[in-house]
Amino acid sequence: MSDASVTSDFLHTLTERGYLHQCSDLAGLDQKALSGDLKAYVGYDCTGPSLHVGHLLSIMMLHWMQKTGGKPIVLMGGGTTRVGDPSGKDETRKVLTLEQIEANKDSLKDTFSRFLDFGDSGTGAIMVDNAEWLTKLNYIDFLRDVGRHFSVNRMLSMDSVKMRIDREQELSFLEFNYMCLQSYDFVELNRRFGCSLQMGGSDQWGNIVTGVDLGRRMGTSQLYALTCPLITTASGAKMGKTASGAVWLKADMMQPYGYWQFWRNTEDADVGRFLRLFTLLGLDEIARLERLGGAEINEAKKVLATEATALLHGREAADIASETARKTFEDGAVSDDLPTVSIAAAELTAGVGVLAAFVRAGLVGSTGEARRQVKGGGLKVNDATVSDERATLSEADIAEGGAIKLSLGRKKHVLLRPD
């Protein structure tokens, strides 16, 4: 989408950096942003203790909105998490206890502070929980005052619902109500905070525009919907999925070095796009890096990795991760800053199967996968290729530095350290 038709800094930035995918009323939203009174929200359910890299795009949109004069609202789904969003899901989501939801909510809060300023200024971000109003709703009143505005015919046509029905996969009545609650969130945020824009991934488009429509029917001021694209890599893979699982945004679930390595492994064709979406670098500098060819593109990947890691984990952690990678790949050293997994000294004394050790280190998902890697020469212990799947690790394998270095391919390393 061209940015020639927009004049606000907010939409200009989103367009030129590649965030803008769909908008319910581009001209109207542009004027709202120019007025200096734009407040927007993105909702995040509390289904786990950490967000993953798939959430970064919407967080970055909130960041740029704040930088261009808007006020971001982070909506925590303490209420909607009790229901479960069916969007993109093949089966009913596990119902969590209230204690689990609260613990997850508390765990998520720190991530947002890395990207947003929660100060007291006019553009200071705020965080609210939809449990504040959803848990107080009277079911009969909600059906009468809100539910009457929803068309079941239209709800059945939504992708999130239609996909499950077409596949003959169960969709609970609980999940079917999710879009009603999400739409009502938009109305409530407008009434409480003057919020006029909801943003999210393109898989949320149906839910978001339903909220815009509900606001019109319930007499709110004009509401707007805006989505970002769902990111896939140049090879067509879903961005953020790795062989070992999701790329988490909390350091205790994915250490800064592993996060840095994720970005360093970006495909050549994606470097420029990811620099625009996931770093704060200026567009001129990104254009320069994007022009690098041949082996020089690896330098651009290192910049991407360091800048993306600095945003989430801080500059010091990013520089340490970068230096760890340099020592590991360029000097062949065993760095203490590599991800570390502890193992009882007594276990090493008795001997630990090499396949089980790689599973414990998180480098492979199962002993079967480890066995396949051995056959392909993909596993190394202290930089020596593992050729015998029945081999064991013992105290004799502890290298200089007091740990055993386990490697999957050339780019994934973990230290197995006795405690």
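Y139 lies in helix α6, where helices (H or I, at least four residues) and strands (E, at least two) are DSSP runs numbered from the N terminus. At 47% relative accessibility, Y139 counts as partly exposed, since the term buried is kept for under 20% relative accessible area, exposed for over 50%, and partly exposed for what lies in between, with a 1.4 Å probe and protein chains only. The model described here is predicted, so local features need pLDDT of at least 70 and side-chain atom pairs count only at pLDDT 80 or more, while totals for chains, interfaces and linings use all residues. Residues are numbered from 1 along each chain as its sequence is written, and side-chain values use heavy atoms, with hydrogens and water left out.

Together with I140, L143 and F173, Y139 makes a nonpolar surface patch of about 450 Å². Patches are made of residues with over 30% relative accessible area and no salt bridge, with like charges joined within 9 Å and nonpolar side chains (Val, Leu, Ile, Met, Phe, Trp, Tyr) within 5 Å; the accessible areas come from the Shrake-Rupley method with a 1.4 Å probe, and for residues only the protein chains shown count as cover. Helix α6, residues 139-145, gives the most to this nonpolar patch, with 3 residues.

From the surface, the path now turns to strand β6. This strand, residues 224-228, has 5 of its 5 residues buried, so it is largely enclosed by the rest of the structure. Both of its faces are covered, with Y224, L226 and C228 buried on one side and A225 and T227 buried on the other. For T227, which has its place in strand β6, the relative accessibility is 0%, and T227 therefore counts as buried. The side chain of T227 makes a polar contact with the side chain of Q22 at 2.6 Å; a polar contact is a pair of N or O atoms within 3.5 Å, where within protein one must be able to donate a hydrogen and the other to accept it, and where residues adjacent in sequence count only if both atoms are side-chain atoms.

Strand β6 also pairs with other strands, and two strands are said to pair if DSSP finds at least two bridges between them. Strand β1, residues 22-23, pairs with β6 in the antiparallel sense over 2 bridges, and C23 stands opposite L226 in β6. Strand β5, residues 197-201, runs parallel to β6 and is joined to it by 5 bridges, with L226 in β6 as the bridge partner of M199. Between β5 and β6 the chain crosses through helix α11, residues 205-217, and this β-α-β crossover is right-handed, a term used if, with the strands pointing away from the viewer, the path from the first strand over the helix to the second runs clockwise.

A salt bridge is a side-chain nitrogen of Lys or Arg within 4 Å of a carboxyl oxygen of Asp or Glu. Side chains of opposite charge can pair when their charged atoms come close. Because R216 and D213 are 3 residues apart in helix α11, they are separated by about one helical turn. R216 counts as exposed at 58% relative accessibility, whereas D213 counts as buried at 15%.

A search of the whole structure finds 22 salt bridges. One of them joins the side chains of D37 and K39 at 2.7 Å, N to O; here D37 is partly exposed, with a relative accessible area of 36%, and K39 counts as buried at 17% relative accessibility. Another is formed by E285 with R288, the closest N and O atoms being 2.8 Å apart, and as these residues are 3 apart in helix α14, residues 283-290, about one helical turn separates them.

The last stop is an open sheet of 5 strands with the order β9-β15-β14-β11-β12 and mixed pairing. Strands β9 (340-343) and β12 (384-385) stand at the edges, each with a single partner strand, so one side of each is left without a neighbour in the sheet. The pairing of β9 with strand β15, residues 412-418, is parallel and runs over 4 bridges, and P418 in β15 is the bridge partner of I343.
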